Amino acid sequence: MDVLDSVLPATFEGWAVHYPTNVRPPRDSEEGMLGSDHGVEVYTIAAWCDRFLGRIFSTELTARDWLSYSEQTLLTVTAGAVFRDDAGELNALRARLAYFPRDIWLYKLAAQWGRIAEERAYVGRAGDVGDELGSRVIATRMVGNIMRLAMLIERRYAPYPKWFGTAFSRLACASDLAPLLEQVLAARTWRERESALVEACRFVAELQISRGIPGAIAPVIGSLKDRPYRFIDSVKIFDAIRAAIKDEDLRLLPEFGGADQFLSSNFVLAVPTYASAATGALLDTTSRTPAG
């Protein structure tokens, strides 16, 4: 690190190298690592994983492990350029974390339909009592859920919110789905908003079928008893995909999904130990036998 301090240029190929006000770790670090006056960091693979992911990956990940990591954390490992990897360790790690195993993927897909089911009638219910602002807020959240669902269908990790829209725009389905979502956001009344959401949900449900996702079924228009609210029956889709999960323990979990499906705090999701603690607490709670 001292040699790098003395020989590194201020920039490399037009990019700044020195970050004296944002150096990790600082020179007075107590973590047994040398600090620096520049932005270059030196780690072994094991040390980097321990510091940024909270584990060394000497064993395979369990279902709990997979659900504990936010997708933006997994992207930290699997995205970005690798210029040299003579020992092959980094590419081996990236291959292991490239995407979720089949059953974890299906569980997260089902859980995402579950999130949509939670508020499937609320756009109409809020609008029906004159709360157009509340209806818009719910519809905006539904758009985000559909975008995340599309990323799961195309097996792409969802990044940090700042880059979420950019990542979505690169999906193969985005050119067809984005206009439907824009109609939701541009709608002036709750009925227009609801109609656009139905079409967007219909599109992703049919996309699942075309991609051969296990358990995918044709979308069906549903309603709440005799109330005038229309939606794609996402509960039926949730049940069908969940039924295709082979791991019984995973199949029987409630539909809360992975950490970034039931948490919205970036502060928590960006720190694996925090996300793991939250996920572990939720899984432990659901595994307890109810009293009586």
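Modeller: Helices here are DSSP runs of H or I with at least four residues, and strands are runs of E with at least two, both numbered from the N terminus. By that count the protein chain has 16 helices and 4 strands. This is a predicted model, where local features need pLDDT of at least 70 and side-chain atom pairs count only at pLDDT 80 or more, while totals for chains, interfaces and linings use all residues. Residues are numbered from 1 along each chain as its sequence is written, and side-chain values use heavy atoms, with hydrogens and water left out.

Colleague: Thanks! What makes aspartate 65 and arginine 55 a salt bridge?

Modeller: A salt bridge is a side-chain nitrogen of Lys or Arg within 4 Å of a carboxyl oxygen of Asp or Glu. The closest N and O atoms of aspartate 65 and arginine 55 are 3.0 Å apart, so the pair qualifies. Aspartate 65 sits in helix H3 (residues 63-68) and arginine 55 in the loop between helix H2 (45-52) and H3, so the bridge ties together parts 10 residues apart in sequence.

Colleague: Why is aspartate 65 called buried?

Modeller: Buried means under 20% relative accessible area, exposed means over 50%, and partly exposed is in between (1.4 Å probe, protein chains only). Aspartate 65 has 18% relative accessibility, so it counts as buried. Across the protein chain, 41% of the 292 residues count as buried.

Colleague: And how do you know that arginine 193 and glutamate 132 are paired?

Modeller: Their side chains meet at 2.8 Å, N to O, which is within the 4 Å limit, so this is a salt bridge too. Arginine 193 belongs to helix H11 (residues 190-210) and glutamate 132 to helix H8 (residues 132-153), so the pair links parts that are 61 residues apart in sequence.

Colleague: Are those two partners buried or partly exposed?

Modeller: One of each! Arginine 193 has 1% relative accessibility and therefore counts as buried, whereas glutamate 132, at 21%, counts as partly exposed.
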